[in-house]
Amino acid sequence: MPSSPIILWLRNDLRLLDNPALFHAVQTNRPIIPVYIEQPGGPNNWSRGSASNVWFAQSLRSFANTLQGHGSKLIIRSGSATEVLRAVTQESQSDTVFFNRYYEPYERHTESKVESLLQSVGGKLQSFRGNVLLEPWEIQTRNGQPYKVFTPFYKAIQTTIQAVQPYPAPTQIISPDQWPNSLTVEDLGLETGLEWESSMMQHWISGEDHALKTMESFLREKLENYPDGRDIPSRPFTSTLSPYLSHGELSPRKVLHSLQSMLVETSDPATIAAAETFVRQLIWREFAVHLLYHFPHTTEQPLNEKFSRFPWNSKPDDLRTWQRCETGYPIVDAGMRQLWQTGWMHNRVRMIVASFLVKHLLQPWQDGARWFRDTLVDADLANNTLGWQWVAGSGADAAPYFRIFNPVLQGEKFDKDGEYVKKWVPELSKLPSKWIHKPWQAPKEQLQYAGITLGTTYPEPMVDHTFARERALAAYNSIK
Ligand code: FAD
């Protein structure tokens with residue numbers, strides 16, 4: 001008699017390489033039914049945003065093709081994970097579900113519901129390491145507490161990540177005698193057909209194949225420029241791996257392993273230093289997962305409780321002006337346009353625009369986080385929460401609140417010639433670099449020559465920097 005199939009419950013792990021649940025399922029020599037379930041959104045806007053939905057739809061198609069190439073099939077369903085898994089196990093006479101762990105609060109809650117359900121019907125559930133180098137509970141301070149400061153976390157993690165070994169991709173996946181019914185990707189309604197979606201996706205190809213290609217070309221061609229180039233938003237020297245890592249089309253262990261294999265063949269100190277800088281960023285990602293796992297309330301509440309008394313000045317109009325890229329600060333508007341048009345924004349500019357929203361405009365960081373979550377193709381609850389709380393000064397190891405970015409100086413430092421601004425705010429492109437980050441200070445004739453009428457072709461600054469700085473410091477002093 002043929003053995004009963006294993007249900008491989010997939011979420012943010014649509015990949016063959018270094019997929020622990022898939023690897024172990026294949027090792028059993030039993031048929032495998034890969035199932036993706038589109039669940040109704042969780043509370044507090046934890047569900048996928050619009051940009052990620054579009055990305056994910058393409059990712060599902062890509063993974064379905066990959067599985068087909070391996071003689072398998074992706075079964076797509078929608079509904080609550082418990083209901084669907086109950087139905088699929090019954091339909092396929094399976095008693096076993098394998099899955100990779102997912103550390104977001106709502107997903108953990110779902111996992112425990114699935115576990116209770118399977119136990120109640122005598123089924124077996126096996127979970128495996130998710131998209132991390134290290135499980136969030138595998139590392140703690142000497143006092144047995146979760147880490148809240150990055151550097152000690154970074155040091156502590158070093159020994160564990162010396163020689164990671166990703167799981168190989170399976171060559172063949174055994175099919176069941178009969179496949180359960182499946183929806184199509186279109187049935188899930190992740191794409192709305194808006195022009196915004198297709199123009200945004202012109203910048204990307206989702207899926208595991210392209211994730212691997214992007215990683216390889218980064219390691220081969222860009223890594224050496226990473227330490228100096230990673231803070232210059234007009235330069236393409238960061239990896240742009242974030243959407244692939246966020247959606248689990250690429251595992252961090254695979255990235256680290258590829259980097260380590262490359263380093264074996266070099267003794268060049270510059271390459272080794274560049275690799276260290278890059279690994280540090282991957283560890284920030286681990287730190288974010290660690291924090292979210294241990295402090296799940298931080299998606300909405302400040303980690304530093306002092307900030308729960310912060311006098312935000314919530315104004316929907318100000319939030320909208322920021323979202324619409326009309327602040328009048330070119331580096332901020334350029335970043336927000338890059339986000340809107342490509343679903344991605346350079347890290348340096350993420351810090352600048354986030355700081356502008358929470359400090360210059362005193363808008364709650366949660367509003368900014370929600371906008372990012374909706375518009376980023378790499379939206380990731382852990383990284384986004386960490387990033388926003390860091391900028392707001394309320395998070396782990398956060399930027400000191402009193403260090404308030406001056407958007408003009410930030411622009412002049414990291415976009416010296418205004419290349420980034422000129423690309424995303426072309427209406428300023430004829431302005432000499434000297435004025436590109438402060439057009440309101442440019443002489444009249446320069447503005448005229450550049451075809452700019454402030455307040456008409458490009459906005460006046462929505463708030464004065466000195467006033468905003470003092471207001472933010474006063475707000476901070478009130479909670480000190
Ligand atoms: P690289 O510089 O090539 O770094 C490699 C990888 O390391 C990234 O793909 C990412 O997975 C990780 N990484 C890099 N920087 C950080 C960081 N500061 N924190 C955590 N992980 C990092 N990143 C997301 O993936 N999703 C988000 O929703 C997100 N929201 C953010 C919000 C704010 C306000 C800020 C300041 C940062 C946010 N980041 C987020 C972190 C960072 O900006 C992006 O990961 C990075 O810009 C992605 O580009 P890259 O892949 O080229 O990065």
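Does Gln389 count as buried or exposed, and at what relative accessibility? Gln389 counts as buried, because its relative accessibility is 3% and the cut-off for buried is under 20%. The close-ups below come from a predicted model.

View 1. Gln389 is found in helix H16. That helix spans residues 381–392. Two polar partners of the side chain are shown. One is the backbone oxygen of Gln301, which lies 2.8 Å from a polar atom of the Gln389 side chain. Another is Ser394: its side chain makes a polar contact with the side chain of Gln389, at 2.9 Å. The residue itself is buried, with 3% relative accessibility.

View 2. The ligand is surrounded by 29 residues. The closest are Tyr226, Thr238, Ser239, Thr240 and Asn347. By class, the shell divides into 15 nonpolar, 10 polar and 4 charged residues. Four helices each supply at least two residues of this shell: H9 (242–246), H11 (269–294), H14 (347–360) and H16 (381–392). The space taken by the ligand is the largest pocket.

- Thr238: an N or O atom of the side chain is 2.7 Å from an oxygen atom of the ligand.
- Ser242: a polar backbone atom is 3.0 Å from an oxygen atom of the ligand.
- Asn383: an N or O atom of the side chain is 3.1 Å from an oxygen atom of the ligand.

How much of the ligand's exposed area does the protein bury? Taken alone, the ligand exposes 810 Å², and the protein buries 95% of that.

**View 3. Asp18, a positive phi in a loop.** Asp18 is not a glycine, yet its phi is positive, at about 50°. The residue lies in the loop between strand E1 (6–10) and helix H1 (20–27). Asp18 counts as buried because its relative accessibility is 2%, with buried set at under 20%.

View 4. Leu362 sits in the loop between H14 and helix H15 (365–375). H14 is one of the helices that supply at least two residues of the ligand shell. At 4% relative accessibility, Leu362 counts as buried.

**View 5. Glu135 in its loop.** Where is Glu135 placed? Glu135 is in the loop between strand E5 (124–128) and helix H5 (150–157). Glu135 is a charged residue by class, and its relative accessibility of 3% makes it buried.

**View 6. Thr327 between two helices.** Thr327 is found in the loop between helix H12 (316–323) and helix H13 (330–342). Its relative accessible area is 0%, so Thr327 is buried. Trp46 is 281 residues from Thr327 along the chain, and the C-alpha separation is 28 Å.

**View 7. Val35 in strand E2.** Val35 has its place in strand E2, residues 32–38. With 0% relative accessibility, Val35 counts as buried. How far apart in space are Val35 and Leu74? Their C-alpha atoms are 6.0 Å apart, across 39 residues of sequence.

**View 8. His297 between H11 and H12.** His297 lies in the loop between H11 and H12. H11 is also one of the helices that supply at least two residues of the ligand shell.

Note on methods. Residues are numbered from 1 along each chain as its sequence is written. This is a predicted model: local features need pLDDT of at least 70, side-chain atom pairs count only at pLDDT 80 or more; totals for chains, interfaces and linings use all residues. Side-chain values use heavy atoms; hydrogens and water are left out. A residue is near a molecule or strand if one of its heavy atoms lies within 4 Å of it. A polar contact is a pair of N or O atoms within 3.5 Å; within protein, one must be able to donate a hydrogen and the other to accept it, and residues adjacent in sequence count only if both atoms are side-chain atoms. Accessible areas come from the Shrake-Rupley method with a 1.4 Å probe; for residues, only the protein chains shown count as cover. On a 1 Å grid over the protein atoms alone, a cavity is a set of points where a 1.4 Å probe fits but cannot get out, and a pocket is an open set with protein on both sides within 12 Å along at least five of seven lines; lining residues have an atom within 4 Å of a point. A molecule sits in a cavity or pocket if more than half of its atoms lie within 2 Å of its grid points. Buried means under 20% relative accessible area, exposed over 50%, partly exposed in between (1.4 Å probe, protein chains only).
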